[in-house]
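Welcome to my notebook. I opened a new protein today and wrote down what I looked up, one entry at a time.

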Amino acid sequence: MSIEIANESGAEVDTDAVLAVARHALDEMGVNPLAELSVLLVDIDYMTELNHRWMGGDGPTDVLAFPMDEGSVDHGPGETAPAGGEPALLGDIVLCPEVAAKQAATAGHATADELHLLTVHGVLHLLGYDHAEPEEEREMFALQARLLASWRSTRNQ
């Protein structure tokens, strides 16, 4: 699993933990081990620009996911790798630590915990999950909670 991470946000972030939770989520979801993922941490100004340009939103958001090649995503252990064993380009997850910090304060937990949640959320979006409809939201958020809980349990052993 190839995961590139770049912190261009100016905020102090434990990028090793963000990388670890992303890897855990991908492993638990049975994603092809040749898959490639990029995680970018940005400041509020850049996230505001991305949110406006790509989502039509006003202001910054916490996480954006940009899927690359949905056809080559291996969604489970029952599926075979892409032809020729070519890596699956999952896409990019963009996180905004400043927005995450505000949300974490509101939720009453650490900014790091919020960034881990947002990373898993972004991974699930790249794998085709959505939360536009109530049923989709229940499924995605339950899976997100399960992945975070299993990751935390492996870290605390």
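**Contacts along the chain**

I began with contacts (heavy atoms within 4.5 Å). Among those in the protein between residues at least 6 apart in sequence, 68% join residues at least 24 apart.

**Ground rules**

I noted that this is a predicted model, where local features need pLDDT of at least 70, side-chain atom pairs count only at pLDDT 80 or more, and totals for chains, interfaces and linings use all residues. Residues are numbered from 1 along each chain as its sequence is written, and side-chain values use heavy atoms, leaving out hydrogens and water.

**Layout**

I looked up helices (DSSP runs of H or I, at least four residues) and strands (runs of E, at least two), numbered from the N terminus. I found 5 helices and 4 strands, and along the sequence they follow the pattern β-α-β-α-β-β-α-α-α.

**Surface**

I read that 40% of the 157 residues count as buried; buried means under 20% relative accessible area, exposed over 50%, and partly exposed in between, with a 1.4 Å probe and protein chains only. The protein exposes about 8,200 Å², and carbon and sulfur atoms supply 50% of that.

**Aromatic rings**

Rings of Phe, Tyr and Trp (its six-membered ring) pair if their centres lie within 6.5 Å; planes under 30 degrees apart are stacked, over 60 edge-to-face, and the rest tilted. I got 1 aromatic pair by this rule. The ring centres of W54 and F66 are 6.0 Å apart with planes at 75°, so this pair is edge-to-face. W54 lies in helix 2 (residues 44-55) and F66 in strand 3 (residues 63-67), so the pair ties together parts that are 12 residues apart in sequence.

Are these two exposed or partly exposed? W54 counts as exposed at 51% relative accessibility, while F66, at 21%, counts as partly exposed.

How values were computed: Areas by Shrake-Rupley, 256 points an atom, 1.4 Å probe, with all protein chains shown as cover.
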